[in-house]
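The notes are grouped by topic.

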Amino acid sequence: MAEIDVHDLTYTYPLMQQPALRGIHLSIEKGELLAVIGANGSGKSTLCYALSGLIPHFFRGNMSGTVLIAGQDTQKCPLGVLMQTIGVTLQNPASQLSGVRYTVYEEVAFGLENLGIDPSKMPERIERALGLVGLSGLEGRSPYHLSGGQQQRLALACALAMQPKALVLDEPTAMLDPLGGQAIIDAIKALNQEGATVVIAENRLEWIAEFASRVVVLSQGEIIFDGSPQNILTAPELPRLGVGWTRFTQAAYRGRERGLWPQDRPLPVSLAQATAGFRQVVMERKMAHGLQNGLPTDRADFARSVVDQPTNVDVRLTDVHFTYRDGVRALQNVSLRIDAGEQIAVVGQNGSGKTTLARTLNALLRPQQGEVWVGNRCTALYTTAKLARWIAYMFQNPDEQLFQRTLWDEVAFGPRNLGYPAERIYSLVEKALAAVGLLEEKRANPRDLGFSGRKRAALACALAMDTPILALDEPTAGLDAMETEMLSNVLRQLREQRRTILVITHDIDFVAENLPRLVLLHNGHILLEGGTRNTLAATDEWMASGLHPPHMVRLGNALGLAKTYLTPEEFVDDLSARG
């Protein structure tokens with residue numbers, strides 16, 4: 001018998017006309033590691049809810065068909081009993097915190113207490129779970145003093161401690177830095193090798209290529225592809241479906257058009273496959289030029305930083321220190337200049353101080369030492385409400401930001417409070433909603449949107465403020481390929497308007513492809529700062545920070561090339577030019 005067996009499942013949310021899932025047939029064998037992919041809105045999260053029993057016990061709606069978990073019918077078996085068999089993590093980790101426990105240790109113990117586990121056996125389970133997700137040493141920290149990524153790890157630890165036979169994970173790495181995400185994937189793989197069945201909804205295709213044994217593609221609530229990662233992740237339909245390809249697949253597809261990738265060679269989905277496939281081309285070009293390392297170039301953008309010297313300073317942090325009440329030193333001696341009109345990324349591991357830095361800009365947090373200036377205004381002398389006229393802030397967790405009954409009123413709230421005239425408010429709201437692809441949803445309750453929809457709603461709120469500065473905290477988390485491209489277009493438009501943008505993110509590939517300047521934080525300090533290409537070339541510092549460079553940088557390094565490539569197009573164009 002399959003570990004999870006789904007037969008003719010159709011589900012419609014309350015008050016909705018169209019089903020979120022349609023006629024799903026899916027059998028998942030014991031020990032499988034199944035990845036579920038699809039554009040946001042395709043039904044991934046809904047399928048996770050159904051496979052975990054949250055549908056029909058938490059989400060009511062209209063369900064037909066059957067879902068069996070270890071032989072138990074989810075419609076007949078109580079949710080508390082199902083939770084002893086299957087562990088669940090949701091897309092937004094903050095929604096899984098109990099709210100009744102004061103420490104990380106107690107939070108993980110909460111589920112075990114509800115299962116009636118022998119107290120003498122709890123410490124071993126809790127310590128193992130925290131160790132697997134990399135939270136050892138934070139047992140005494142408040143769950144609400146963790147970063148978003150650390151909360152995501154905590155949610156997974158809570159599920160792992162219950163030692164379920166199967167795991168259903170909805171984007172468990174969305175808020176994690178690359179190294180932290182890889183650690184989680186490694187933990188999931190280890191549990192899978194021990195016999196646990198795993199279903200994981202995930203947008204990071206490069207990771208799926210490395211760990212999944214099987215991939216299912218959803219579109220409009222239906223399964224349209226089901227097979228091996230190699231076959232599914234190179235399907236020509238994926239870009240059209242809003243899923244996209246891995247960057248290695250993109251590079252090889254473009255290379256095939258230029259004669260750099262044989263027509264009869266399968267497209268790669270992983271770094272190893274791309275390296276093997278492009279190695280012969282690179283060797284031929286090196287031999288042609290008599291080189292041992294690298295390829296010659298006369299392209300100026302490879303030789304210089306993409307950042308000009310600062311002129312008119314718009315934001316300045318000088319010797320900023322911030323320590324939380326529980327003693328965590330989030331920022332130490334941070335000094336940073338951001339020019340008017342610059343677009344800059346701040347990256348680093350979870351807990352490195354990124355969100356803390358962003359929140360000092362609008363006085364949500366006030367440094368114990370040092371100064372923060374926005375233009376000619378020292379933020380110590382202004383309230384957050386006053387600073388809102390100059391800087392808009394998008395929260396990492398959209399649920400901390402959304403509260404109005406309709407999406408239109410949500411986006412209009414900021415400009416209304418700034419006292420803009422009605423005509424300007426209408427124009428700003430309509431343009432912001434159109435920019436993020438939510439204009440048709442303007443009368444919906446923002447809480448009824450999916451996670452990525454709420455993320456885009458939060459972005460629209462920031463855009464509609466029409467401020468000279470925007471601080472965006474993890475704007476790509478939970479977005480699919482099409483939505484990420486939408487965000488790239490928004491940044492391009494803001495660049496044309498000379499708006500100053502600070503992006504806090506773990507998405508290093510997005511940084512490489514979209515943001516010209518980069519700050520790398522590590523343990524509350526600035527470890528690196530400068531033009532994105534030059535900064536990504538600093539291999540030793542990246543290793544010290546515990547982060548992986550972008551996938552195309554890793555491909556260039558694996559091939560022994562001296563250049564730092566930021567996009568698949570750039571990589572292929574340069575190889576082709578040196579033929």
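The model is a predicted one. Strand 9 spans residues 214–219, and because six of its six residues are buried, the strand is largely enclosed by the rest of the structure. In general, side chains of a regular strand alternate between the two faces of the sheet.

**Pairing of strand 9**

- Strand 3 (residues 33–37) runs parallel to strand 9, and four bridges join the two.
- Leucine 34 has arginine 214 of strand 9 as its bridge partner.
- Strand 10 (residues 222–227) pairs with strand 9 in the antiparallel sense, over five bridges.
- Aspartate 226 of strand 10 stands opposite valine 216.
- Strand 9 and strand 10 form a hairpin with two residues between the strands, where glutamine 220 takes a positive phi near 50°.

- Strand 7 (residues 166–170) pairs with strand 8 (residues 197–201) in the parallel sense, over five bridges.
- Within that pair, leucine 169 has isoleucine 200 of strand 8 as its bridge partner.

**Helices on the sheet**

**Helix 5 with helix 6**

- Helix 5 (residues 122–132) packs against helix 6 (residues 148–161) at an angle of about 140°, and their axes are 8 Å apart.
- The two helices are therefore oblique to each other, as angles over 145 degrees would be needed to count as roughly antiparallel.
- Helix 5 and helix 6 cross in the right-handed sense.
- On the helix 5 side, Arg125, Ala129, Leu130 and Leu132 meet Ala157, Leu160 and Ala161 of helix 6.
- This contact has six nonpolar residues, no polar ones and one charged residue.

**Helix 10 with helix 22**

- Helix 10 (residues 247–257) and helix 22 (residues 568–577) cross at roughly 35°, and their axes come within 9 Å.
- The crossing of helix 10 and helix 22 is right-handed.
- Helix 10 contributes Arg247, Gln250, Ala251, Arg254 and Gly255 to the contact, and helix 22 contributes Pro568, Glu569, Phe571, Val572 and Asp573.
- By class, the residues of this contact are four nonpolar, two polar and four charged.

**Proline 78**

- Proline 78 sits in the loop between strand 5 (72–73) and helix 3 (79–82).
- Its relative accessible area is 48%, so proline 78 is partly exposed, the cut-off for exposed being over 50%.
- Glycine 53 is 25 residues from proline 78 along the chain, and the C-alpha atoms of the two are separated by 8.6 Å.

Conventions:
Residues numbered from 1 in each chain as written. Predicted model: local features only at pLDDT ≥ 70, side-chain atom pairs only at ≥ 80, totals over all residues. Heavy atoms only, no water. Buried < 20%, exposed > 50% of the residue type's maximum accessible area, 1.4 Å probe, protein only. Pairing = 2+ DSSP bridges. Axes fitted to C-alpha atoms, helices over the stretch in contact; angles between N-to-C directions. Parallel < 35°, antiparallel > 145°, perpendicular 65-115°, else oblique. Left-handed = near helix turned anticlockwise from the far one by under 90°. Contact = heavy atoms within 4.5 Å. Nonpolar A, V, L, I, M, F, W, Y, C, P; charged D, E, K, R; others polar.
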